[in-house]
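Here's a quick tour of a protein model. Take a look at the sequence and structure below, then we'll walk through them together.

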Amino acid sequence: MLGKIQLSSFENASIIRKMTILYFLMSIIPVGVLYYLYLMIKTHGEITLDEPQFALVLAFVVLGVGVGYVALRAMLFSVVEVTIKSAKTLKDILGPVKTGPLAYTDTNEIKVLARSFNEVTTQLEENIRNLELAKKTLSTVLSRIGEGISSMENIDGFLDLIIETMTEALSGRAGFLFLTEETTGDFILKSFFGCDGKKIPTERVYHDDCFIQDICAQKQPVIISKIPASSVLAPILESPVLAAPMILHEDELGIILLSGRVCEEKFADEEKELLYNLALQTAVAIENSKLNEDRERTYFETISALAMAVEAKDPYSRGHLDRVANLAVRIAEEMNLSKDDGLALRDAAKLHDLGKIGIVDDILTKNGPLNKEESLLMKKHPVIGEGIIKPIHSLSNLCDIVRHHHEKLDGSGYPDGLKGDEISLLVRILTVADIFDALTSDRPYRKALVSVKAINEMRLMGEKIDQKIVNVLEKVI
């Protein structure tokens with residue numbers, strides 16, 4: 001057992017310690033031979049070795065050197081093996097272009113290993129920078145839209161802001177928004193960002209371009225790696241292209257294009273779906289503008305689409321906003337509330353978690369319960385959400401619901417600790433719908449409950465929530 005422990009200790013030792021031990025062992029025989037010769041000189045005044053004795057001494061020296069060589073070679077071979085594996089792994093991950101200088105050579109192992117680790121460190125730093133940039137970009141999208149709302153006089157300025165924010169949020173080099181002219185079918189470049197204006201024709205009209213027609217015909221978002229040379233857009237676009245048609249009631253109103261990337265990564269499927277959702281909401285905004293409806297409703301549609309982007313960060317909460325909205329409206333209908341109350345509940349439900357745009361991803365996607373500090377940060381999201389929609393006049397009726405959807409009747413909720421009648425009926429309805437959907441959805445730390453068990457759990461909450469509304473909920477599910 002002691003031998004196994006000592007062997008294990010040697011195997012786990014550092015390279016310097018291993019070399020020290022091996023050097024000491026290698027030195028024992030040569031030093032022993034020298035000491036033996038020293039004793040001969042001291043005793044006899046000369047070295048007297050016959051041929052058998054010399055052969056024996058030589059054998060010991062060769063044996064010591066041989067054992068040391070084999071041991072050192074085995075130790076250094078592990079370093080070479082790590083070098084080869086690290087270079088190969090980096091080549092698989094980063095590609096041959098970036099890792100060309102790391103090619104393995106028999107005479108350059110330590111240098112290759114050092115450069116491999118340096119490349120890993122560089123790549124990690126780049127990834128961290130990209131993540132921080134993405135987080136910063138996404139967290140400013142809504143605030144920039146909020147700032148732009150007050151100064152917009154028409155839909156054109158709004159579309160300019162949409163293209164700018166989405167191009168930067170998805171790391172595109174340039175963004176374009178084309179509208180379809182109803183009578184001629186031509187494509188009109190309505191807004192662009194990041195492209196040299198000198199390349200854009202003065203009239204901004206593109207006739208019968210097959211590239212745009214093919215995208216519209218698919219009625220789905222697409223990622224295009226190569227731009228057809230026959231397209232009149234070829235001079236202003238660069239690969240890859242992420243495109244999504246703006247469709248409303250089966251009508252193609254135009255397309256949104258993102259051209260090129262400021263980073264080397266390709267467009268991902270999540271980004272494709274995000275652009276598609278934005279394109280659909282933008283189509284609604286354009287149609288609303290054409291019909292001369294309340295323009296601020298257009299801003300709601302876009303903010304709702306961006307709220308979906310926040311929701312998409314957490315795979316366990318996807319679809320939560322729509323489910324809560326549907327459930328809250330059904331409860332309102334069962335309670336015979338007015339149509340306006342039902343619409344307010346629907347809109348507030350779609351925006352009630354909007355404030356999570358200001359919460360760091362580590363907390364939003366944490367695989368388990370939050371600690372005290374994280375919980376305090378998470379509890380700020382209702383206030384952040386209210387702050388985003390408050391400047392929009394047509395959404396002012398949603399502020400109370402968005403801010404207070406985590407309040408409890410006994411005063412244990414947040415952010416204001418309201419009690420009883422201080423909490424409005426619409427807030428109580430949304431709270432019940434929100435809790436029910438959370439209980440009946442999978443979470444990293446538990447499985448979804450069936451409806452009956454979820455209702456029982458809500459009964460156990462007692463006076464924290466309105467049990468009369470729970471009764472109505474039980475009828476409509």
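What volume does the largest cavity have? About 50 Å³. Keep in mind that this is a predicted model.

- Six strands make up an open sheet, in the order S3-S2-S1-S6-S5-S4, and their pairing is antiparallel.
- In general, the strands of a sheet pair through backbone hydrogen bonds, and they can be parallel or antiparallel.
- At the edges you'll find S3 (205–206) and S4 (222–224); each has a single partner strand, so one side of each has no neighbour in the sheet.
- S5 (residues 241–248) and S6 (residues 251–261) run antiparallel and are joined by eight bridges.

- Helix H6 (residues 155–169) lies across S1 (172–180), S2 (187–193) and S6, and it runs at about 60° to S2.
- Helix H7 (residues 210–218) packs on the sheet too, where it touches S1, S2, S4, S5 and S6.
- The direction of H7 makes about 115° with that of S6.

**The nonpolar cores**

- The largest nonpolar core has 42 residues, and the ones with the most contacts inside it are Ile331, Ile389, Leu398, Met458 and Leu473.
- Helices that each supply at least two residues of this core include H10 (320–334), H11 (339–351) and H14 (381–389).
- H16 (425–439) is also on that list, and H16 gives the most to this core, with nine residues.
- Ile389 touches Leu351, Leu354, Leu395, Leu398, Cys399 and Val402, if you skip residues up to four places away in sequence.
- There's also a second, separate core of 26 residues, and among them are Leu248, Leu258, Leu275 and Tyr276.

**A closer look at His404**

- His404 is found in helix H15.
- Is His404 buried or exposed? Its relative accessible area is 11%, under the 20% cut-off, so His404 counts as buried.
- Setting aside neighbours within four places in sequence, His404 is in contact with Asp416, Leu418, Val427 and Thr431.

**Back to the cavity**

- Searching the whole structure turns up one cavity of 30 Å³ or more.
- The residues lining the largest cavity include Glu407, Lys408, Leu409, Arg428, Lys464 and Asp466.

Key:
Residues numbered from 1 in each chain as written. Predicted model: local features only at pLDDT ≥ 70, side-chain atom pairs only at ≥ 80, totals over all residues. Heavy atoms only, no water. Pairing = 2+ DSSP bridges. Helix = DSSP H or I, 4+ residues; strand = E, 2+ residues; numbered from the N terminus. Contact = heavy atoms within 4.5 Å. Axes fitted to C-alpha atoms, helices over the stretch in contact; angles between N-to-C directions. Core = buried A, V, L, I, M, F, W, Y, C linked by side-chain atoms within 4.5 Å. Buried < 20%, exposed > 50% of the residue type's maximum accessible area, 1.4 Å probe, protein only. 1 Å grid on protein atoms, 1.4 Å probe; cavity = no way out; pocket = protein on both sides within 12 Å on 5 of 7 lines; lining within 4 Å. Points joined across faces, edges and corners; volume = space filled by probe spheres on them.
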